[in-house]
Amino acid sequence: MGSDALPAPAVFATALPSGPATYYFRRSFEFNGQLPFTTLRCRVLADDGSAVYLNGTEIHRDNIGAAPAHGTFATNPVADAFFPKTPIAIPAGVLVSGTNV
């Protein structure tokens with residue numbers, strides 16, 4: 001057990017122009033840890049809805065219909081962007097050693 005504090009999680013902010021109904025974000029990362037001993041969670045700042053994929057597998061959907069297409073609006077409007085109350089737990093079987101997208 002160490003006493004050093006863990007680094008803060010990375011935060012990414014992208015300025016978006018007003019207008020389009022749909023935006024796509026893609027970020028890759030390398031994972032070279034031990035899969036059986038890893039827990040991965042993420043938080044999404046969404047206004048009004050979101051769908052999150054990892055390595056081509058949908059892992060989370062919030063306020064978006066079952067089969068959205070480009071230009072699809074959220075199921076229900078939300079006044080302000082929001083973080084989910086709890087982080088999204090990512091299924092261990094979706095994470096791979098090496099590059100993840």
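What share of the 101 residues in the protein chain is buried? Buried residues make up 16% of them, where buried means under 20% relative accessible area, exposed over 50%, and partly exposed in between (1.4 Å probe, protein chains only).

This is a predicted model, in which local features need pLDDT of at least 70 and side-chain atom pairs count only at pLDDT 80 or more, while totals for chains, interfaces and linings use all residues. Residues are numbered from 1 along each chain as its sequence is written, and side-chain values use heavy atoms, with hydrogens and water left out.

**Whole chain**

Start with a cartoon view. The protein chain has zero helices and six strands, in the order β-β-β-β-β-β from the N terminus. Helices (H or I, at least four residues) and strands (E, at least two) are DSSP runs, numbered from the N terminus. Of the contacts with a separation of 6 or more, 70% are between residues 24 or more positions apart; contact means heavy atoms within 4.5 Å.

**Asparagine 100**

Select asparagine 100, in strand S6 (residues 98–100). Asparagine 100 counts as buried because its relative accessibility is 0%. Its side chain reaches the backbone oxygen of glycine 98 at 3.1 Å. This is listed as a polar contact: a pair of N or O atoms within 3.5 Å, where, within protein, one must be able to donate a hydrogen and the other to accept it, and residues adjacent in sequence count only if both atoms are side-chain atoms. Not counting residues up to four places away in sequence, asparagine 100 touches Arg27, Ser28, Phe29, Phe31, Leu54, Asn55, Val94 and Leu95.

**Phenylalanine 31 and the core**

Move to phenylalanine 31. Leaving aside neighbours within four places in sequence, phenylalanine 31 is in contact with Thr38, Leu95, Val96, Ser97, Gly98 and Asn100. Next, select the largest nonpolar core, whose 10 residues are Phe31, Val44, Ala46, Val52, Leu54, Ile59, Ile88, Ile90, Val94 and Leu95. Strand S3 (50–54) and strand S5 (88–90) each supply at least two residues of this core. A nonpolar core is a set of buried Ala, Val, Leu, Ile, Met, Phe, Trp, Tyr and Cys residues joined through side-chain atoms within 4.5 Å.

From Leu54, show S3 with strand S4 (residues 57–62). The two pair in the antiparallel sense over five bridges; strands pair if DSSP finds at least two bridges between them. Leucine 54 stands opposite threonine 57 in S4. The hairpin has two residues between its strands, and asparagine 55 there takes a positive phi near 55°, although asparagine 55 is not a glycine. Asparagine 55 counts as partly exposed because its relative accessibility is 31%.

Go on to asparagine 63, in the loop between S4 and S5. This residue also has a positive phi, of about 65°, without being a glycine. With a relative accessible area of 18%, asparagine 63 is buried.

**The cavity**

Select Leu35, Thr38, Thr39, Leu40, Ile90, Pro91, Ala92 and Leu95, which line the largest cavity. About 40 Å³ of space lies in this cavity, and the count comes to one cavity of 30 Å³ or more. On a 1 Å grid over the protein atoms alone, a cavity is a set of points where a 1.4 Å probe fits but cannot get out, and lining residues have an atom within 4 Å of a point. Grid points are joined across faces, edges and corners, and a volume is the space filled by probe spheres set on the points.

**Tyrosine 24**

Finish at tyrosine 24, in the segment before strand S1 (29–31). Tyrosine 24 is exposed, with a relative accessible area of 61%. Its C-alpha atom is separated by 9.3 Å from that of histidine 70, 46 residues apart along the chain.

Notes
1 Å grid on protein atoms, 1.4 Å probe; cavity = no way out; pocket = protein on both sides within 12 Å on 5 of 7 lines; lining within 4 Å.
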